[in-house]
Amino acid sequence: MMDVEHHKKTISDFIFLIRSEGNLTYAELEKLTGVSIPALHKIESRVTKHPEYRTVKALAQAFPTLYKDIIMAYVKQEERIENLFKILNEVVTSTENFSLIPIVAMRILQSPLKKTEHSLQRLYDFTESINNDSAKVSLYKVIVQYSRDHGIPIFVAKCLFRKYLIERTDLSKMKEAFREGEEILHYIDFLSFEERVTYYYRMSLLAYTLKKYDKCVKFGHTGHAKDRTSSELKERVALAICNSFWHQGDYKALEEHIALYEKLNYQIIIDRLKIFRAMILARTGRYLESLPLLWECLDEVQGAQRLPRLNLLLEVLLKINDDESIERLINSNEDRFFPFENATPYQYSEIGKYYKFKGAFFIRKGLVDQATDMFSFFMTHQNFLVNDTTNGQSLF
């Protein structure tokens with residue numbers, strides 16, 4: 001329909017083309033839209049250059065295929081902030097008109113009727129008030145772009161931070177969110193103290209999830225150095241730091257941090273002291289010292305937490321050639337070690353590790369066929385770790 005590009009049209013153009021291509025009289029268009037004949041005539045003849053939004057909306061709703069184009073034409077002509085916010089409030093609740101969000105938002109910021117800082121603050125406050133995360137991200141992007149172009153770093157900082165908090169939870173965007181999150185460091189002084197602490201903690205946890213263990217420790221330490229309060233989030237970061245040292249094989253640093261966090265009375269660490277100490281003993285060659293703790297730790301937990309502890313125990317038993325204990329463990333009911341369906345990649349990894357240890361035991365016993373089956377199971381479960389970004393949560 002219509003041979004001229006829609007984005008170049010005015011509301012006057014749309015009325016003329018709708019009437020001419022539809023062969024409609026003013027009376028027929030009035031019946032379709034509810035807009036009076038005099039109002040339609042004045043708009044089409046450009047006597048009314050800035051029609052009311054309710055009039056334009058009625059016209060757009062009567063012709064759904066042209067809805068976005070008509071609203072867009074109106075937005076590009078409109079300078080009244082209240083009308084623009086009215087439109088924005090409507091489009092953020094409509095997935096069909098999502099593409100209009102940045103257009104309306106940018107028009108609000110470009111309006112000559114308000115100072116730039118006032119428009120930015122009002123748009124930021126509006127964004128904070130809505131519940132649609134996708135719409136929020138779209139609006140934050142507009143504010144960041146406009147603020148950069150006009151040299152207003154405080155809104156760059158705030159919107160990058162808010163956008164990061166949303167996107168860090170999206171599995172498909174975690175890596176990108178972390179990269180963009182690091183950019184916030186350039187604007188960190190423009191965030192409030194509470195926002196800064198939250199930023200360091202959330203970046204630490206995301207770094208751990210992405211296996212960026214050095215950065216997990218760095219962000220976590222920075223947050224802890226600034227934060228004098230107590231919170232669950234603070235302790236979760238402490239656990240992530242300890243787990244990072246474990247994954248890096250830095251058992252000295254792990255031991256030092258466990259002692260520090262125990263002294264600071266971090267309950268999340270205190271609850272795991274026994275398994276952490278058993279882990280350190282096992283990985284530093286003190287196998288016989290670790291065994292009593294590992295047996296106790298295995299019996300203390302149920303469900304998904306049992307398997308990684310079983311694997312650590314099997315690792316030590318293989319080191320000291322305690323075949324009797326290994327055989328007793330692998331002949332027990334395996335279902336109690338694999339109690340989860342729809343396992344996470346981390347859990348699949350632990351299942352694979354179990355089969356690897358079991359295969360190693362069968363090799364030692366000369367049971368080659370059984371060992372081959374176990375190693376096949378191991379490789380199958382390891383494949384679940386390809387491109388995994390969800391195994392950051394330690395099951396210990």
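**View 1. R122 is partly exposed, at 28% relative accessibility.** Partly exposed lies between buried, under 20% relative accessible area, and exposed, over 50% (1.4 Å probe, protein chains only). This is a predicted model in which local features need pLDDT of at least 70 and side-chain atom pairs count only at pLDDT 80 or more, while totals for chains, interfaces and linings use all residues. Residues are numbered from 1 along each chain as its sequence is written, and side-chain values use heavy atoms, with hydrogens and water left out. R122 forms a salt bridge with E82, their closest N and O atoms being 2.8 Å apart; a salt bridge is a side-chain nitrogen of Lys or Arg within 4 Å of a carboxyl oxygen of Asp or Glu. R122 belongs to helix α8 (residues 116-129) and E82 to helix α6 (residues 81-91), 40 residues apart. Helices are DSSP runs (H or I, at least four residues), numbered from the N terminus. E82 is partly exposed at 48%.

**View 2. K215 and E182 meet in a salt bridge through their side chains (2.8 Å, N to O).** K215 is in helix α13 (residues 213-226) and E182 in helix α11 (residues 174-183), so the pair ties together parts 33 residues apart in sequence. K215 has a relative accessible area of 34%, and E182 has 24% relative accessibility.

**View 3. R364 forms a salt bridge with D323, with closest N and O atoms 2.6 Å apart.** The pair links helix α21 (residues 345-364), which holds R364, to helix α20 (residues 323-330), which holds D323, across 41 residues. R364 is partly exposed, at 36%.

Methods. Helix = DSSP H or I, 4+ residues; strand = E, 2+ residues; numbered from the N terminus.
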